[in-house]
Amino acid sequence: MTTTPPVVEFDQVSKGFGDVRAVDGLSLALHPGETVALLGPNGAGKSTTLDLLLGLKYADSGTVRVFGTSPREAIVAGRVGAMLQSGGLMDEVTVAELVGLACELHPRPYRPADVLARAGVTQIADRKVDKLSGGQAQRVRFALATAGDSDLIVLDEPTTGMDVTTRRAFWATMREQADQGRTVLFATHYLEEADAIADRVLVLHRGRLLADGTAAEIKAKAGARRISFDLDGEIDEPALRTLPFLTTLTVSNSGSAAGSGPTVRIQSADADATVHAVYALGLYPRNLEVAGLGLEQAFVTLTAAEEARTS
Amino acid sequence: MNGLIKLELTRALRNRKFLFFSVIYPSVLFLLVAGSADSTTKVDGTGLTLPTYMMVSMASFGALTAVLMGNSERIAKERESGWVRQLRLTPLPGRGYVLAKTASAAVVSLPSIVVVFAVAAAVKDVRLDAWQWLALTGAIWAGSLVFAALGVALGYLASGDAVRPITMITYFGLSILGGLWMPTTTFPAWLQDIAKWVPTRAYAALGQAIEQNQVPHAQDLAVLAVFFALFTGGAAWLYRKDTLKA
């Protein structure tokens, strides 16, 4: 019986630059058809991870496999299409010429006209590459990454420099790619993109994997419900701090409805249990609101907690 | 691979400034140096007239310009812009980039050689046998590969603002010391001793030997071979270093 190897497999991969360990014992596996977002604060090791995956850098220790082979072999076989932020473009040639070159280099190319259309650059096909705006250059990079029938598409901050409309169109295109069974891995700092598009989210922090799961799971892990209510009279903060599943607590006297007392804001990993305990303390919360946390807040909470734990 | 060569060429042919300097400029310089000389003045110890002698020097100079100037700066710039990285995400083999650059430079260097020959023959009545014209073209064209390798090495050695001055110094140093602008026989003796080991002098000497109806000197061939090994070795080493770093 044969099993298909993971699309991407990192096994205890480390990579350092001088004293800094950009990637530190990282292990992960991506499976066919997944759309995976790679998140992390600046300096978390996202770019290094992508460089290792694409064979642009070599690991100090551990192994990186792509479709069961080395990254370079996978690229030569045309299985990987990639778009890097740091990927420059050949200047003094037209967009059409450059995309034509990418198609020619790919073992299973698409028709250049189709690639141009899909990336939304048909209108600017005759323009010189060095005369493009940032957003246009991003779309040309995307065209290069999708010049042929690759099984894995890697995108580093793909929508940087795009306006909202272009960004939406870009992700619609990306969804099509994923729906055709391709594996898509993208790094982004727009967390709403990760929330809306990825079916799996990896959170990197200091070269390690801090969280790995669906956006919903990441939010739950971060204590991802926000509870707020107003209280009359004195507030017993120490008592509130004993509430179960509480991750953060703030009490403010401003911003609450006229005539009411201070407002309590709580982040909780289990809102039901926490609210229940509020009543059990004998309190009468008014204007009670329970809301889900966005991935952005979850991400900030997670990395801040890790920062606090390790420093 | 062929696609990249084609695109590099298209780009080189679009660049008017580069074309002017590598194709027209050597002929202009030839007319400046040899224009006033009559066709009987001999260059000391060569038996060749000044126009005949300078024709080979300027054709070599033109080929040198085409292969050295274009590549070093382009490679340095494209390493910086990340185009070299982008290419590494394609199935193009690593040395494909360097080969494409060299091939396109070689295509541009051919007209720069031929134009100097045409001008010399038309304006200064330089006359040679058919086999000599062919052998000259072949020798100067093939010899330019030595300097193409140097251009690649410089492109990987220097970056950003440093590459232009370094290339310029190398280019002018090689042109002048190698006697491409004026015969080395006009140099003081000590400078002639140095010039003997300069690859551009050996390069031009190949062509001049053909004009004299002689077999190229073994020493010149050896000097060129050693520098070719040195430059390609250096380029390969710097290229590998850059690849590991990127």
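**A strand of chain A and the contact between the chains**

Colleague: Which residue stands opposite Ala187(A) in the pairing of β6(A) and β7(A)?
Modeller: Please note that the model is predicted. Strand β6, residues 152-156 of chain A, pairs with β7(A) in the parallel sense over five bridges. Opposite Ala187(A) of β7(A) stands Asp156(A).

Colleague: What is the bridge partner of Leu38(A) in β7(A)?
Modeller: Strand β3 of chain A, residues 35-39, also pairs with β7(A). This pairing is in the parallel sense and has four bridges. In β7(A), the partner of Leu38(A) is Ala187(A).

Colleague: Why is strand β7 of chain A largely enclosed by the rest of the structure?
Modeller: Thr183(A), Leu185(A) and Ala187(A) are buried on one side of β7(A), and Val184(A) and Phe186(A) on the other. Both faces are therefore covered, and the strand is largely enclosed because the number of its residues that are buried is five of the five.

Colleague: Which element gives the largest share of the side of chain B that touches chain A?
Modeller: In this contact, 20 residues of chain B meet 22 residues of chain A. On the chain B side, two or more residues each come from α1 (2-14), α3 (50-81) and α4 (83-87). The largest share is six residues, and the element that gives it is α1(B).

Conventions: Residues numbered from 1 in each chain as written. Chains lettered and ligands numbered in written order. Predicted model: local features only at pLDDT ≥ 70, side-chain atom pairs only at ≥ 80, totals over all residues. Buried ≥ 20, exposed ≤ 12 C-beta atoms within 10 Å, placed from the backbone. Pairing = 2+ DSSP bridges. Contact = placed C-beta atoms within 7 Å.
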